Amino acid sequence: MSNQPIPLSQALSSFDALWSPRIVTRVNDYDVRIAKVEGEHIWHVHDDTDEFFLVLDGELHISLREPAGERTVLLPQGAVFTVPRGTEHKPYAPSGAAILMFEPAGTPTVGDRHDEIPDHVDATTGHTLNT
């Protein structure tokens, strides 16, 4: 990892793939990832870790399936939210967004359990495949 400041706008402009997080730095055993998102991701759950979101640009919605029922949180630019471990969730960004996530190194983007993954997404990494 770099020992120099990392301009997030520059890092975000270095790729176009949607729902394909890039690691910008590490903090202890955690990856700090950025992603461009638009449309819907898949329902998934991280059994052993929380997932932290910071909206850098745009607006992110996160649907949650909780014991009390389903709800959606709306995250405008500058907002943060943590999805608790074991909570099934589906992020989506109807108009597109840029996000920063903080999670343990190696955490799969599609979680430990998930809905069927579309053919254009790598099942291991969650990265969009070149088609």
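Ser 95 is exposed, with a relative accessible area of 69%, where exposed means over 50% relative accessible area, buried under 20% and partly exposed in between, computed with a 1.4 Å probe on protein chains only. The model is a predicted one, in which local features need pLDDT of at least 70 and side-chain atom pairs count only at pLDDT 80 or more, while totals for chains, interfaces and linings use all residues. Residues are numbered from 1 along each chain as its sequence is written, and side-chain values use heavy atoms, with hydrogens and water left out.

The secondary structure of the chain consists of 1 helix and 8 strands, taken as DSSP runs numbered from the N terminus (H or I of at least four residues for helices, E of at least two for strands). Their order from the N terminus is α-β-β-β-β-β-β-β-β. Of the 131 residues, 41% count as buried. Among the contacts (heavy atoms within 4.5 Å) with a separation of 6 or more, 63% join residues 24 or more positions apart.

In soluble globular proteins, nonpolar side chains tend to be buried together. A nonpolar core is here a set of buried Ala, Val, Leu, Ile, Met, Phe, Trp, Tyr and Cys residues joined through side-chain atoms within 4.5 Å. The largest such core has 17 residues, of which Val 37, Phe 53, Leu 60, Ile 62, Leu 75, Phe 81 and Ile 99 touch the most other members. Two or more residues each come from β2 (30-40), β4 (51-66), β5 (69-76), β6 (80-83) and β7 (88-104), and β4 gives the most, with 5 residues. Leaving aside residues up to four places away in sequence, Phe 53 touches, among others, Leu 60, Ile 62, Leu 75, Phe 81, Pro 91 and Ile 99. A second, separate core of 8 residues includes Ala 11, Leu 12, Ala 98 and Leu 100.

Strand β4 also holds His 61, which counts as buried because its relative accessibility is 16%. The side chain of His 61 makes a polar contact with that of Glu 59 at 3.4 Å; such a contact is a pair of N or O atoms within 3.5 Å, where within protein one must be able to donate a hydrogen and the other to accept it, and residues adjacent in sequence count only if both atoms are side-chain atoms. With residues up to four places away in sequence not counted, His 61 touches Thr 72, Val 73, Leu 74, Lys 90, Pro 91, Tyr 92 and Pro 94.

Turning to the aromatic rings, Phe, Tyr and Trp (its six-membered ring) pair if their centres lie within 6.5 Å, with planes under 30 degrees apart counted as stacked, over 60 as edge-to-face and the rest as tilted. The count comes to 1 aromatic pair. The rings of Tyr 30 and Phe 102 have centres 5.0 Å apart and planes at 10°, so the pair is stacked. Because Tyr 30 lies in strand β2 and Phe 102 in strand β7, the pair ties together parts that are 72 residues apart in sequence. Tyr 30 is partly exposed at 34% relative accessible area, and Phe 102 is partly exposed at 29%.
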